[in-house]
Amino acid sequence: MRSTGQRKISMKYDVIIIGAGVSGAATARELSRYRVRACVLEKEEDVCCGTSKANSGIVHAGYDAKPGTLMAKLNVVGNWHMSELARKLDIPFKRNGSMVVCTKKERLGELEELCDRGQKNGVPGLGILSRGEAIKREPNLADKVVYALYAPTGGIVCPFELNIALAENAYTNGIEFHFNTEVLDIKKIESGFQVRTGKGDYEAKIIVNAAGVYADVFHNMVSKDKMTITPRRGEYMLFDKKVGSLVSSTIFRLPDEMGKGVLATPTVHGNLLVGPTAENLEDKEANDTTAEGLAAIKNQVGKSVKNIPFRQVITSFAGLRACAQTKDFIIEEAADAEGFIDCAGIASPGLSSSPAIGMEVAEMIQEKLHLQPNPTFCSTRKGILHPANLTIKERNALIREKPEYGTIVCRCESVTEGEILDAVRRPLGARTLDGVKRRTRAGMGRCQAGFCSPKVMEILAREWRVSLDQITKCGGSSRIIQGVNKDTWQGDV
Amino acid sequence: MEKYEIVIVGGGPAGLAAAVSAKEEGAERILILERDETLGGILNQCIHNGFGLHTFKEELTGPEYAQRFIDRTEELQIEYRLNTMVMDISRDKVVTAMNREKGMFQIEAQAVILAMGCRERPRGALNIPGYRPAGIYSAGTAQRLVNMEGFLPGREIVILGSGDIGLIMARRMTLEGANVRLVAELMPYSGGLKRNIVQCLDDFGIPLKLSHTVTRIHGKERVEGVTVSKVDAAGEPVAGTEEYYPCDTLLLSVGLIPENELSRGMEIHLSPVTSGPVVDDRLSTDVEGVFACGNVLHVHDLVDYVSEEAYLAGKHAARYVSEIGNSKQAGRGRKISVSGQDGVRYTVPSQIYPETMEETLTVRFRVGNIYKDRYLSVYLDGERILHRRRPVMAPGEMEQIILRREDILKRHDLKSVMVKIEEV
């Protein structure tokens, strides 16, 4: 259910999850296995609008994190579950393998240490490759690369589709999602918590704080034990599919204090992605790219991969990782606020760990609420049908039945009107251009929505029965159209 | 499988002229495949005038110009299918296409004419730092919203790039009630036609800043402003020259790219300069029986030249079809390269067959800089056969020279034709 209007009386829930990013959505899905009255509060128009929308899309093997940390445990478990989850949720996931390259002979020790750490974390199949062996797999490794750690279980996933699929599945299993609903205040009350939002008051026995870079703000509303989440900006460049096969595995450099460094990877849809930078900030909204950041990517990626065709960049973007001071995930009940479960500091490998994070948090809730199983729980979700994956015969049968699959709307990514209608009409359907883009890839190709955006706007306006000028890029004040021809600048359109 | 003599991909100005010409040349079964819901291509949203001065000796709007060719297409009873997307063309010219009525279907063609046009370079290709708010449009997208839908994408406008569509949109947005604050151009010269600078900017008092670019986009949800900086000779922003322009919209007119996805799929040899196919004097690509014309071949300044070029492609496609199985087709004789240097960036065509070429051939090209008072010269190997004084040549305007077959045939051991710019 989508929230509408102001409410005078508190809406009562067993569980409120703050944030519809990948952690919140994974938690919601795991929670939907039980009979529970729960809702996800999201300040944005859609799911997957913060940290979850702008990252590397990597399912890490799990050799980075220090043994014994939550990151180490949940990454390996998350990675292990990803194959089955992707199958159940009908989303693309590929184990393309990952490589950490080392360009100095004397740093072999660090590579071996990483390998050793991975083995302790339970990562299967790790091995150190000589330059010759590495080059056989990846001919475009930089000339200076001397050794590489290879992890066959490393993978790539579409971060939007994973997040969206988890949310859709949770929703169809009974979890409510209230969008455009910003949490303004949280108070401890006898029965649990009172949550004041821009759309009215809520009450819940348990709160899951999955608010990404804002998790500290909510934690600090209920706990004296203050938390700080530092937004760490990562900038990226995305390349045309023409050059998507420059590397086949994900290529990392030896990690340092600020993370895993600039990587080069194919995306699960066949683009080349290069980034991220790492820059600690104070501003939790600063997901803008910078001249310095983009220059740094160009500088650094050449140390691991050569022949990067920078002329083929189709877009650049930045995301904010939510970094805790502890350098680990914080998944625990706040010590002085019973029932307030933090799911905070979910920086990398957060996406990789998300299946495990959802399970972990749901289990904590179950222990407190002793919920009954949901008898109608369905663990599968059908994704948007992509006619491009069908044979000509199947495709023609589809078009005969639903002619909208015979019209291409986005030329670059070959997205049909049928797919866009599906994205709009399905549970938690798209309301904005970005919503359509993340669900169907319309506008994500080399022309970056130049041709298809007017057509997608028309479809959105028709389907949601609003006028064209009400359509936004991503909710809020992001309206595409500002007026009508020859208007006099006065009053509304 | 359906069979056609000629399948034309694209029903814009190039595809229409090619179809008309092929029919006039005697081809019978011609089919135009158009992805949009009407014929005419991008001309349908070009509602300004200035089209057709060369072709019809009168000034028409884009839709009027297109209509003349659409009418002729109908008169000649040339078949076309609208809302039809070509998905793939094989090297043996099996065209796979799709629409709502027929689903996916295949056509066996004897000849194919590529006339898919071009698309605009997006923001991403420029790597402009900042947020990614609503309010950033390529000029052509804005043109569609304004001219076809009747909506203003914004009220306070900055335009980056002085390509023709950007200039035309500066005037259009002004006429429709918006305030165009600035046109910034990275290069020290405009990429558009001189007449558009005068008629679209100067006449409306819109400032054009050369050697300037947008170095930052402000506003998280909707554009709130842009930072504009001066650039040095290498195109790098000069620190300390930043100026902030509040605006709600940034229009981009930063170049056009021929849409050669299908050509690439066929492994047609493409030119790294034009991004279009490498063609010979018949506008044939290196895949036999596949011709190219219009903006998919190289980006034109005037539609009149598109029509002229497409006529040539249509004619040669029709002749190619009529000669299939005919002994005359065997061999075109020796091949000579045509190329540009010293400021001439490329030539179309880039190969000619003197023995079988037409009496005269128009060679089109663009120059890489502003050249004032220079000579345009043509060399046959070392020998200069043309030396024409030109007061000004600019990258925004397409240039042309005429090659005569007899000049070339005279020289039996000729290796190459070279077009260049020379000092006075």
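**View 1. The interface of chain B and chain A as a whole.** In this predicted model, 50 residues of chain B are in contact with 57 residues of chain A, and the two chains bury about 4,600 Å² between them, of which 52% lies on carbon and sulfur atoms. Three arginines, Arg100(B), Arg132(B) and Arg155(B), supply 16% of the area that chain B buries against chain A, which is more than any other three residues supply.

**View 2. Salt bridges and polar contacts across the interface.** Between chain B and chain A the count is six salt bridges, and one of them joins Glu417(A) to Arg100(B), with the closest N and O atoms 3.2 Å apart. Across the interface, 25 residue pairs are found in polar contact, both residues of each pair being at pLDDT 80 or more.

**View 3. The elements of chain B that face chain A.** Among the elements that give two or more residues to the side of chain B that touches chain A are the strands β6 (85-89), β7 (94-99) and β8 (103-114), together with the helices α3 (139-149) and α6 (261-265). The largest share of this side, five residues, comes from α3(B), and the residues of the side divide into 20 nonpolar, 11 polar and 19 charged.

**View 4. Strand pairing between the two chains.** Strand β23 of chain A, residues 483-484, pairs with β11(B) in the antiparallel sense, over two bridges.

Terms used. Residues are numbered from 1 along each chain as its sequence is written. Chains are lettered from A and ligands numbered from 1 in the order in which they are written. This is a predicted model: local features need pLDDT of at least 70, side-chain atom pairs count only at pLDDT 80 or more; totals for chains, interfaces and linings use all residues. Side-chain values use heavy atoms; hydrogens and water are left out. Contact means heavy atoms within 4.5 Å. Buried area is the accessible area (1.4 Å probe) that two parts lose on being put together, summed over both. A salt bridge is a side-chain nitrogen of Lys or Arg within 4 Å of a carboxyl oxygen of Asp or Glu. A polar contact is a pair of N or O atoms within 3.5 Å; within protein, one must be able to donate a hydrogen and the other to accept it, and residues adjacent in sequence count only if both atoms are side-chain atoms. Helices (H or I, at least four residues) and strands (E, at least two) are DSSP runs, numbered from the N terminus. Ala, Val, Leu, Ile, Met, Phe, Trp, Tyr, Cys and Pro count as nonpolar, Asp, Glu, Lys and Arg as charged, and the others, Gly among them, as polar. Two strands pair if DSSP finds at least two bridges between them.
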